[in-house]
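Hi,

Here is the structure I promised to pass on.

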Amino acid sequence: MKEAKIEVQDFHLFYGSHQALTRINLKIPEREVTALIGPSGCGKSTFLRSINRMNDLIPGVRTEGGIQIDGDEVYESSRDVVELRKKVGMVFQQPNPFPMSIYDNVTYGPKIHGIKNKKRLDEIVERTLRQANLWEEVKDRLQQSAMGLSGGQQQRLVLARVLAVEPEIILMDEPASALDPISTERLEELIRQLKEEYTIVIVTHNMQQAARVSNRTAFFLNGEMIEYDGTEKIFTNPGDPRTEDYISGRFG
Ligand SMILES: Nc1ncnc2c1ncn2[C@@H]1O[C@H](COP(=O)(O)OP(=O)(O)OP(=O)(O)O)[C@@H](O)[C@H]1O
């Protein structure tokens, strides 16, 4: 296995008295796609949000254990969470462009991080929209509202917005679940391209999607990680009968 970009050690998470994650241990390699699968409520999204401390925003959340990115502890009290979320970008289930122009959506993050030069911003807009395979569709309407784009275009714009702050890791929480089949296919193709440069962790309910886009798959059940291995192994010859039951559709 390549060097771990993200290393999770004995990680537990509680929502008040409810334990949502129990003793999670895994190493996520860089520049690969890791899929998180498992039945509804098993803790996939909670785990994904733990990586960039998005759960911090929920009152009553408590964690134990640790998550390291490039060897640095994410849960260190001195950790700069704004920097962490710049390094670890996130795409959600529903495309959530800001109600502003396409151009302003992409430049929003870079401006917050101090980039003001118009030429630099123009370059960022073109580069990231090209990376997100959206440039050709929107280059003549950059000043128009992002809300006028289709769902699939909005999701690619959100990705461009994430890419604009130069992350190293991209977390995706069921990014295709609100998209039609053609937009889903385009997004999956994009994920395959992006893994050349970025470490991607994706939650998906769609098992075929996990098989198509990911290198590794982790199967979660009731807040525990049951099995984690190469995607092909998980889908053809899983080591745990519970994984087999899930992927063969016996529950969930
Ligand atoms: N904000 C919250 N406050 C309290 N409990 C929560 C919160 N978010 C999630 N939970 C609980 O934590 C557990 C794990 O939820 P989570 O959303 O992580 O699961 P999931 O596997 O992503 O599910 P789904 O596939 O349905 O999105 C569930 O029991 C859920 O009810």
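Below is what I found in it.

First, some housekeeping. This is a predicted model, in which local features need pLDDT of at least 70 and side-chain atom pairs count only at pLDDT 80 or more, while totals for chains, interfaces and linings use all residues. Residues are numbered from 1 along each chain as its sequence is written.

Let me start with the ligand. Around it sit Tyr15, His18, Ala20, Gly38, Ser40, Gly41, Cys42, Gly43, Lys44, Ser45, Thr46 and Ile58 (a residue is near a molecule if its C-beta atom, placed from the backbone, lies within 6 Å of it). Helices here are DSSP runs of H or I with at least four residues, and strands are runs of E with at least two, numbered from the N terminus.

Strand β2 also runs antiparallel to β1 (residues 4-15), joined to it by eight bridges; strands pair if DSSP finds at least two bridges between them. Leu13 has Leu21 in β2 as its bridge partner. Two residues lie between the strands of this hairpin, where Gly16 takes a positive phi near 60 degrees.

Finally, helix α6 (residues 151-163) is mostly covered, with twelve of its 13 residues buried, that is, with 20 or more other C-beta atoms within 10 Å of their own, C-beta atoms being placed from the backbone. Among the buried ones are Gln153, Arg156 and Leu159.

Best wishes
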